[in-house]
Amino acid sequence: MNINVSILAVILVATVASSTVALDLGTLTAYGAHSNVNLGTIAKDLLTELSPSKPAANRTLLVTEHFSFHMFATNRTEFCHYHPGDTLQRVLYGGGQFYTAYGKPVPQNPGDSFFIPKGKPHAFDGQLHGPSVVIVQWSPPYHEGYIIPTTGCKDMPNMASFNNSDFGC
(Lines give C-alpha, C1' and ligand atoms only; values in the text may rest on other atoms or scores of the structure.)
Protein backbone atom coordinates (compact mmCIF):
# COMPACT_ATOMS: atom_id res chain seq x y z
CA MET A 1 0.00 0.00 0.00
CA ASN A 2 2.79 2.47 0.84
CA ILE A 3 4.49 1.74 -2.48
CA ASN A 4 1.29 2.65 -4.33
CA VAL A 5 0.98 5.90 -2.38
CA SER A 6 4.63 6.78 -3.13
CA ILE A 7 4.18 6.01 -6.82
CA LEU A 8 1.02 8.14 -6.90
CA ALA A 9 2.88 11.02 -5.24
CA VAL A 10 5.71 10.80 -7.78
CA ILE A 11 3.22 10.73 -10.66
CA LEU A 12 1.38 13.71 -9.19
CA VAL A 13 4.58 15.73 -8.79
CA ALA A 14 5.66 14.81 -12.33
CA THR A 15 2.24 15.81 -13.69
CA VAL A 16 2.24 19.17 -11.90
CA ALA A 17 5.83 19.80 -12.99
CA SER A 18 5.06 19.24 -16.66
CA SER A 19 4.84 22.37 -18.79
CA THR A 20 1.23 21.63 -19.75
CA VAL A 21 -0.08 21.98 -16.19
CA ALA A 22 -0.50 25.44 -14.72
CA LEU A 23 -1.32 26.22 -11.11
CA ASP A 24 -3.48 29.34 -11.02
CA LEU A 25 -2.77 30.55 -7.48
CA GLY A 26 -2.73 34.28 -8.14
CA THR A 27 0.07 36.72 -7.47
CA LEU A 28 1.74 38.49 -4.57
CA THR A 29 2.46 42.19 -4.93
CA ALA A 30 4.15 44.23 -2.23
CA TYR A 31 3.03 47.81 -1.61
CA GLY A 32 5.08 50.09 -3.86
CA ALA A 33 6.38 47.22 -6.01
CA HIS A 34 6.30 47.58 -9.78
CA SER A 35 5.99 43.85 -10.38
CA ASN A 36 4.34 40.89 -8.76
CA VAL A 37 5.28 37.31 -7.97
CA ASN A 38 3.36 34.51 -9.68
CA LEU A 39 2.49 32.12 -6.85
CA GLY A 40 1.54 29.30 -9.25
CA THR A 41 4.99 29.36 -10.87
CA ILE A 42 6.71 29.25 -7.48
CA ALA A 43 4.46 26.39 -6.31
CA LYS A 44 5.18 24.41 -9.46
CA ASP A 45 8.94 24.93 -9.01
CA LEU A 46 8.77 23.85 -5.35
CA LEU A 47 6.80 20.70 -6.21
CA THR A 48 9.47 19.69 -8.72
CA GLU A 49 12.09 19.89 -5.95
CA LEU A 50 10.34 17.25 -3.83
CA SER A 51 11.84 13.76 -3.71
CA PRO A 52 12.17 10.92 -1.21
CA SER A 53 15.38 12.54 0.06
CA LYS A 54 13.88 16.06 0.06
CA PRO A 55 10.31 15.92 1.44
CA ALA A 56 9.94 19.71 1.77
CA ALA A 57 11.00 22.79 -0.17
CA ASN A 58 10.34 26.46 0.48
CA ARG A 59 10.76 30.00 -0.73
CA THR A 60 10.70 33.17 1.31
CA LEU A 61 8.30 35.51 -0.49
CA LEU A 62 8.45 38.65 1.64
CA VAL A 63 10.09 39.81 4.87
CA THR A 64 9.38 42.98 6.83
CA GLU A 65 10.35 44.14 10.29
CA HIS A 66 7.16 42.54 11.67
CA PHE A 67 6.51 39.35 9.68
CA SER A 68 7.79 36.92 7.08
CA PHE A 69 5.76 35.25 4.33
CA HIS A 70 6.78 31.85 2.90
CA MET A 71 5.59 29.17 0.50
CA PHE A 72 6.21 25.49 1.25
CA ALA A 73 5.72 22.37 -0.82
CA THR A 74 5.65 19.29 1.36
CA ASN A 75 5.17 15.58 1.09
CA ARG A 76 5.75 14.64 4.73
CA THR A 77 4.51 15.03 8.29
CA GLU A 78 6.28 17.69 10.36
CA PHE A 79 7.56 16.99 13.84
CA CYS A 80 5.52 18.39 16.72
CA HIS A 81 6.87 21.88 17.34
CA TYR A 82 5.95 25.43 18.26
CA HIS A 83 7.05 28.96 17.30
CA PRO A 84 7.92 32.03 19.40
CA GLY A 85 5.34 34.00 17.41
CA ASP A 86 1.98 33.65 15.67
CA THR A 87 1.50 31.57 12.53
CA LEU A 88 -1.14 31.89 9.82
CA GLN A 89 -1.14 29.08 7.26
CA ARG A 90 -3.29 28.58 4.13
CA VAL A 91 -3.45 25.53 1.89
CA LEU A 92 -3.12 26.40 -1.79
CA TYR A 93 -2.83 22.92 -3.29
CA GLY A 94 -3.27 19.36 -2.02
CA GLY A 95 -4.34 19.17 1.58
CA GLY A 96 -3.60 17.59 4.88
CA GLN A 97 -4.27 18.01 8.56
CA PHE A 98 -2.88 19.74 11.62
CA TYR A 99 -2.06 17.77 14.73
CA THR A 100 -2.63 19.97 17.78
CA ALA A 101 -2.59 19.71 21.57
CA TYR A 102 -6.34 20.28 21.96
CA GLY A 103 -8.13 17.52 20.04
CA LYS A 104 -8.46 15.46 16.90
CA PRO A 105 -6.47 16.42 13.77
CA VAL A 106 -7.86 19.49 11.97
CA PRO A 107 -8.49 18.77 8.25
CA GLN A 108 -7.06 21.26 5.76
CA ASN A 109 -8.20 21.48 2.13
CA PRO A 110 -7.31 23.97 -0.60
CA GLY A 111 -8.49 27.40 0.51
CA ASP A 112 -8.50 26.52 4.22
CA SER A 113 -6.53 28.65 6.66
CA PHE A 114 -5.35 27.80 10.15
CA PHE A 115 -4.17 30.26 12.81
CA ILE A 116 -1.73 29.02 15.46
CA PRO A 117 -1.02 31.30 18.43
CA LYS A 118 2.50 31.79 19.77
CA GLY A 119 3.81 28.80 21.73
CA LYS A 120 1.08 26.30 20.76
CA PRO A 121 2.21 22.77 19.72
CA HIS A 122 1.32 21.73 16.18
CA ALA A 123 2.46 19.68 13.20
CA PHE A 124 1.21 19.74 9.61
CA ASP A 125 0.74 16.47 7.76
CA GLY A 126 0.90 17.46 4.11
CA GLN A 127 1.04 14.00 2.58
CA LEU A 128 -2.51 12.70 3.03
CA HIS A 129 -3.54 13.37 -0.57
CA GLY A 130 -0.13 13.59 -2.23
CA PRO A 131 2.06 16.68 -1.97
CA SER A 132 0.68 19.95 -0.64
CA VAL A 133 1.54 23.61 -1.15
CA VAL A 134 0.92 26.08 1.67
CA ILE A 135 1.69 29.69 2.39
CA VAL A 136 2.74 30.65 5.89
CA GLN A 137 2.99 34.02 7.59
CA TRP A 138 5.11 34.21 10.73
CA SER A 139 5.12 37.15 13.10
CA PRO A 140 7.74 38.01 14.20
CA PRO A 141 9.69 37.07 11.07
CA TYR A 142 11.41 33.71 10.73
CA HIS A 143 14.87 33.54 12.30
CA GLU A 144 17.27 30.86 13.50
CA GLY A 145 15.63 28.97 16.36
CA TYR A 146 12.06 29.76 15.18
CA ILE A 147 11.10 26.07 14.97
CA ILE A 148 11.21 24.61 18.48
CA PRO A 149 10.66 20.85 18.93
CA THR A 150 8.11 19.85 21.56
CA THR A 151 5.58 17.19 22.48
CA GLY A 152 1.85 17.33 22.93
CA CYS A 153 0.45 16.92 19.41
CA LYS A 154 -2.45 14.48 19.92
CA ASP A 155 -3.00 11.45 17.65
CA MET A 156 0.26 12.11 15.82
CA PRO A 157 2.33 9.25 14.38
CA ASN A 158 5.49 8.51 16.37
CA MET A 159 8.43 10.51 14.99
CA ALA A 160 11.91 9.20 15.82
CA SER A 161 14.02 12.37 15.65
CA PHE A 162 13.95 16.08 14.85
CA ASN A 163 15.96 17.99 12.29
CA ASN A 164 15.30 21.62 11.23
CA SER A 165 16.11 20.62 7.64
CA ASP A 166 12.93 18.51 7.71
CA PHE A 167 11.03 21.81 7.54
CA GLY A 168 12.82 22.95 4.42
CA CYS A 169 14.17 25.99 6.29
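**Close-up views of a predicted protein model**

**Figure 1. Overview of the protein.** The accessible surface of the protein comes to about 9100 Å², of which 57% belongs to carbon and sulfur atoms; areas come from the Shrake-Rupley method with a 1.4 Å probe, and for residues only the protein chains shown count as cover. This is a predicted model, in which local features need pLDDT of at least 70 and side-chain atom pairs count only at pLDDT 80 or more, while totals for chains, interfaces and linings use all residues. Residues are numbered from 1 along each chain as its sequence is written, and side-chain values use heavy atoms, with hydrogens and water left out. The protein has 2 helices and 12 strands, where helices (H or I, at least four residues) and strands (E, at least two) are DSSP runs numbered from the N terminus. Along the sequence, their order is α-β-β-α-β-β-β-β-β-β-β-β-β-β. Of the 169 residues, 40% are buried; buried means under 20% relative accessible area, exposed over 50%, and partly exposed in between (1.4 Å probe, protein chains only). Among contacts in the protein with a separation of 6 or more, 69% are between residues 24 or more positions apart; contact means heavy atoms within 4.5 Å.

**Figure 2. The largest nonpolar core.** A nonpolar core is a set of buried Ala, Val, Leu, Ile, Met, Phe, Trp, Tyr and Cys residues joined through side-chain atoms within 4.5 Å. The largest one holds 17 residues, of which Leu46, Leu47, Leu61, Met71, Ala73 and Val133 touch the most other members. At least two residues of this core come from each of α2 (39-49), β3 (56-63), β4 (68-74), β6 (86-93) and β11 (132-139). The helix α2 gives the most, with 5 residues. A second, separate core of 11 residues includes Phe98, Val106, Ile116 and Val134. In soluble globular proteins, nonpolar side chains tend to be buried together. Beyond its neighbours within four places in sequence, Val133 is in contact with Ala43, Leu47, Met71, Phe72, Ala73, Arg90, Val91, Leu92 and Tyr93.

**Figure 3. Helix α2 and its N-terminal cap.** Asn38 caps the N-terminal end of α2, with a side-chain oxygen 2.9 Å from the backbone nitrogen of Gly40. This is a polar contact, that is, a pair of N or O atoms within 3.5 Å; within protein, one must be able to donate a hydrogen and the other to accept it, and residues adjacent in sequence count only if both atoms are side-chain atoms. The buried residues in α2 are Leu39, Gly40, Ile42, Ala43, Lys44, Leu46 and Leu47.

Figure 4. Two strands pair if DSSP finds at least two bridges between them. Strands β3 and β4 pair in the antiparallel sense over 7 bridges and form a hairpin with 4 residues between them. Ala56 stands opposite Thr74 in β4. Strands β6 and β9 also run antiparallel, joined by 4 bridges, and Leu88 has Phe115 in β9 as its bridge partner. In β9 (residues 113-116), Phe114 and Ile116 form a covered face, whereas Ser113 and Phe115 form an uncovered one.

**Figure 5. The disulfide between Cys80 and Cys153.** A search of the whole structure finds 1 disulfide, defined as a pair of cysteine sulfur atoms within 2.5 Å. The sulfur atoms of Cys80 and Cys153 are 2.2 Å apart. The torsion about their S-S bond is about 80 degrees, so the disulfide is right-handed. Cys80 lies in the loop between β4 and β5 (81-82) and Cys153 in the segment after β12 (148-149), so the pair ties together parts that are 73 residues apart in sequence. Both Cys80 and Cys153 are buried.

**Figure 6. The surroundings of His122.** His122 is in strand β10 (residues 122-125) and counts as buried because its relative accessibility is 3%. A polar atom of the His122 side chain lies 2.9 Å from the backbone oxygen of Lys120. Not counting residues up to four places away in sequence, His122 touches Phe79, Cys80, His81, Tyr82, His83, Phe98, Tyr99, Ile116 and Cys153.

Figure 7. Most residues other than glycine have a negative phi, and most peptide bonds are trans. The peptide bond from Ser139 to Pro140 is cis, with omega near 5 degrees. Pro140 is found in the loop between β11 and β12. Asp155, although not a glycine, has a positive phi of about 60 degrees. Asp155 is in the segment after β12 and, at 56% relative accessibility, counts as exposed.
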